[in-house]
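Have the sequence and the 3D view open as you read.

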Amino acid sequence: MGLVEESRRLAPELEANAAEDDELRRLSDRTWKCLLERGFLRAMQPARFGGGEASLLEFIDATFELSRCSPSAGWVAGVIGVHPWQLALFSEEAQQAIWGSDPTVMHSSSYNPTGKAERVPGGYRIFGRWSFSSGCDHCKAVNLGAIAGGRDLDGGSQIADFRSFLLHRDQYRIEDNWNVAGLKGTGSKDIVVVDAFVPEYRTQSHVDYAFNLPLPGQKLNDGPLYRMPWSVVFNMALASSVLGSARGFVDLWTVQSSTRTLNFGARVADDPLMQRRLAEATWDIDASMTRMRADATELWQMAEAREAVSMQVRGKMRWNMNRGCELVGRAVNELFHAASGRSIFLDQPLQRRFQDVQGALGHAFLVPDPLARSVGGTLLGTSKPEMIL
């Protein structure tokens with residue numbers, strides 16, 4: 001059974017677990033176990049470590065379906081699930097450090113460079129605070145983003161050296177501050193590092209990703225899955241979760257509205273404005289998912305042909321999915337405002353679903369503006385193109 005079919009089969013179980021996940025403010029042990037043992041979290045892990053090494057298309061389709069039934073479980077499956085893919089790009093020494101004794105070990109992340117990194121002999125000194133580390137309670141390592149000086153480019157210019165740093169569980173603490181309105185079950189808590197040493201082999205520069213430079217992990221992990229750009233793959237993990245959560249919201253709204261009456265006894269099902277709102281929301285989700293699936297297919301074909309993905313193509317693909325999420329967010333807002341007044345109560349399922357979508361849309365990597373500049377600038381022939389990692 002494939003991941004998509006398995007996610008649909010497990011939907012009732014994950015949906016039933018969602019209330020407990022929210023109450024715990026992290027995924028329950030049984031939800032995490034389900035995602036791990038059923039192959040979702042290891043879908044992008046190299047087959048040589050027992051992972052699924054699935055196609056990107058199968059991964060985003062499964063993330064969509066998981067998020068449709070349980071937004072928090074789907075979000076964690078997408079975010080945590082993409083990390084084994086990135087680790088496969090690291091050196092073999094780094095991969096063995098995490099998976100050598102237990103290939104089921106997962107790690108969380110927080111890429112926004114709010115902490116500090118200083119170069120020292122043999123590696124880097126890491127310290128500071130990072131936020132929004134989804135699924136961190138169940139993980140035994142973390143990947144943190146920080147800027148470590150600059151990188152010289154051809155032509156004499158320099159850019160910030162934005163890097164990922166892989167830390168073991170005993171090098172950081174988790175601060176339990178995840179008291180939120182949406183995506184409660186993701187447990188996206190703060191990571192605090194006092195003073196940790198990260199050797200050179202457990203770090204990787206996103207500048208290398210941006211310029212399609214060879215990566216050490218690609219020597220042993222040579223499949224097309226590991227020849228795709230980090231920014232697009234990570235963005236797709238987020239966007240597929242947003243779109244799946246939105247689909248779940250629309251599913252629930254439709255069920256509730258089909259039997260609801262308006263003032264003077266008129267049925268919602270007979271109201272042309274309600275029909276239009278629902279039709280538009282459904283179209284927005286379907287169109288956004290179809291566009292992303294087409295981009296994932298194109299990305300896979302380029303990887304099979306060993307064709308480098310330019311910044312312009314990366315920018316367009318990321319614009320497609322982030323613009324889609326923006327439109328879907330607006331459609332969800334329209335439907336929520338047209339729902340029953342009782343939806344404002346915190347114990348109403350539609351309220352929880354609405355907040356889950358809003359929470360997901362708040363992720364910094366889903367902001368469409370810089371990608372609009374990339375696409376628009378390319379079309380206009382700008383002299384200052386946007387840099388897309």
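Contact here means heavy atoms within 4.5 Å. Leaving aside neighbours within four places in sequence, Ser188 is in contact with Phe132, Ser133, Ser134 and Trp178. Before going further, please note that this is a predicted model, in which local features need pLDDT of at least 70 and side-chain atom pairs count only at pLDDT 80 or more, while totals for chains, interfaces and linings use all residues. Residues are numbered from 1 along each chain as its sequence is written, and side-chain values use heavy atoms, with hydrogens and water left out.

**Around Ser188**

Ser188 sits in the loop between β6 (173-175) and β7 (189-199). Such elements are DSSP runs numbered from the N terminus: helices are H or I with at least four residues, and strands are E with at least two. Ser188 has a relative accessible area of 4%, so it is buried; that word means under 20% relative accessible area, with exposed being over 50% and partly exposed in between (1.4 Å probe, protein chains only).

The side chain of Ser188 also takes part in polar contacts, with Ser134 among its partners. A polar contact is a pair of N or O atoms within 3.5 Å; within protein, one must be able to donate a hydrogen and the other to accept it, and residues adjacent in sequence count only if both atoms are side-chain atoms. Here are two of them, side chain to side chain:

| Residue | Partner | Distance |
|---|---|---|
| Ser188 | Ser134 | 2.6 Å |
| Ser188 | Thr186 | 2.8 Å |

**Cysteines**

How many disulfides does a search of the whole structure find? The search finds 0, where a disulfide is a pair of cysteine sulfur atoms within 2.5 Å. For Cys34, the nearest cysteine sulfur belongs to Cys69 and lies 8.9 Å away. Cys139 is likewise in no disulfide, with the sulfur of Cys136, the nearest one, at 7.3 Å. Cys34 is buried at 7% relative accessible area, and Cys139 counts as buried at 3%.

**Positive phi angles**

Most residues other than glycine have a negative phi. Arg25, however, has a positive phi near 65°. Arg25 lies in the loop between α2 (11-24) and α3 (29-37), and its relative accessible area of 23% makes it partly exposed.

Leu183 also has a positive phi, near 50°. This leucine is found in the loop between β6 and β7. Is Leu183 buried or exposed? With a relative accessible area of 5%, Leu183 is buried.
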